[in-house]
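User: Please take a close look at one strand in this model. I want to know how it sits among its neighbours, and what lies around it.

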Amino acid sequence: MDNQNTLTNRQGHPITDNQNVRTVGDRGPTTLENYDFLEKISHFDRERVPDRVVHARGAGAHGYFEAYGKVGEEPIAKYTRAKLFQEAGKQTPVFVRFSTVVGGGHSPETLRDPRGFAVKFYTEDGNWDLVGNNLKIFFIRDPMKFPDMVHSFKPDPVNNLPDPERMMDFLSGTPEATHMVTFLFSPWGIPANYRQMQGSGVNTYKWVNQDGQAMLIKYHWEPLKQGIKNLLQREANQIQSGNYNHATQDLYEAIAQGDYPEWELCVQMMTDDEHPELDFDPLDPTKLWDPKQFPFLPVGKMVLNKNADNYFAEVEQVAFGTGVLVDGLDFSDDKLLQGRTFSYSDTQRHRVGTNYLQLPINAPKNHVATNQRDGQMEYKVDAGPNQNPHVNYEPSTLGGLQEAAQSGKEHAPHYDASLVRQKLARTNDFAQAGATYRAFDDVERGELVANLVDALSICKPHIQSKMVEYFTQADPDYGKRVKEGLENAKRTGQEHTSTAAADQAKKQLEHMGHTS
Ligand code: HEM
């Protein structure tokens, strides 16, 4: 056993025969005391953990974030005391996971879908996760709607077939999604790969300075040397016909060849109030903040320069959450953000396990000392070096852990309102969708209309007309073109092959009396 390459089982016993199970004679039955075989096969049986309920298909890499030490031209300490941003040139290690949203773990990376862009910063003050997407806005503004939204986007629960009618049915009751739908069905809905796309925190956060004063913040990642590239539907179809993994492959190979992708982190800032002068609420994640009014201010750059050593240990088991902030960063009252913040660590305790934060990819790189103990798969005690091991509680006079000193003044917003279930007052669901439609070039508008017609052409007429009504409210030309496209599709009976397949399956079920 001197040779470190000798095959062993998990108990450290050398394996002398990895080819044959133990049997009674060469043709006889296998025996139940085959420890090496049972251990091998039972571990194999447990190799998969549950897929992420969304964003199951992903790729990841390590790298670093380098701070500029200022925000735009101003000293950053004026706005946030977060240590990772303060000094120009200061580097913080990061791990990034990119993903698609709806498909399972091996689904094609060419699908029309938002792309996840999640970054874990291992800072000296503990981890900060910035869990973003490529697009800068979202479908909904209330977390109550998220499970319904995801159900409607996922395959039909009866036959497991993707069905655009279910998605469009949900969206036709969700006018606030019109802006996101406008991006998603344009070429911006299929980034060419993970390197050549933007990222955005989408939700509104806060920065807090030494005096406890806060600003509202939106985060954006802008690709540097590699630029931005999106695909037309036919280009995506062509890639998909030969490769389900082109984005993972592109990222892995670029990094392996030393062609490291880079993004600049920019923020948009607003004072921390309701901004009655705007025609939208700054806490509404279905809205863009106009960059002319709220310029993109660079605060640092990120370089990805190392592939994961093991996909499962790192990319699959990494766990990001919007609650994972460091001192100087804070939540805003964005309801979607607050709903998300419960959801992430809740699902990770189920998906990865109670002690998911002890895994090397998730563990902070600064010291961790808690009084939380035990639970499935706990393998070490997160205790302080001088902590009395008998004291796993606080307060204590017997050598337990002590609370940290405040590093600055607490940010303490004041509330005076009734407890309600209510929408934001300024919903303004269509104006920005129209502005985005007009800002697209002719190719983008043409693709948008064609893709919408394709998805809507299999939908019932009342769903079609509701969606056309939303597009018309956004911009009359937008609504008119989708309407004409649908009329034309009806006349010519043209349907996209993928939707035709779903439709065919549906008709078959209807025939069998399963649906109304
Ligand atoms: C993943 C919930 C909105 C970006 C997830 C996961 C859940 C979830 C449960 C799986 C996490 C895991 O298994 O580790 C929600 C809820 C939302 C919401 C409840 C709204 C109420 C958003 C928004 C964004 C976003 C607005 C973009 C800003 C992501 C990303 C991942 C993810 C990037 C994958 C993280 C990874 O790579 O591990 N979300 N989400 N989500 N979500 Fe959300």
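Analyst: Strand S4 is largely enclosed by the rest of the structure, because 7 of its 10 residues are buried. Buried means that 20 or more other C-beta atoms lie within 10 Å of the residue's own; 12 or fewer means exposed, anything in between partly exposed, with C-beta atoms placed from the backbone. Helices (H or I, at least four residues) and strands (E, at least two) are DSSP runs, numbered from the N terminus.

The model is predicted: local features need pLDDT of at least 70, side-chain atom pairs count only at pLDDT 80 or more, and totals for chains, interfaces and linings use all residues. Residues are numbered from 1 along each chain as its sequence is written.

Take the pairing next. Strands pair if DSSP finds at least two bridges between them. S4 is joined to strand S1 (residues 58-67) by 9 bridges, and the two run antiparallel. Within this pairing, arginine 97 of S4 is the bridge partner of glycine 60. S4 is also joined to S5, by 7 bridges, again antiparallel. Here valine 96 stands opposite valine 119 in S5.

Now valine 96 itself. Leaving aside neighbours within four places in sequence, its contacts are Gly60, Ala61, Gly63, Ala118, Val119 and Leu304. A contact needs C-beta atoms, placed from the backbone, within 7 Å. Val96 also belongs to the largest nonpolar core, which has 57 residues. Val96 and Val299 have the most contacts inside that core. Strand S9 (residues 214-223) gives the most to this core, with 6 residues. Such a core is a set of buried Ala, Val, Leu, Ile, Met, Phe, Trp, Tyr and Cys residues joined through C-beta atoms within 7 Å. A second, separate core has 39 residues, including Met167 and Leu448.

Technical notes
Two residues are in contact if their C-beta atoms, placed from the backbone, lie within 7 Å.
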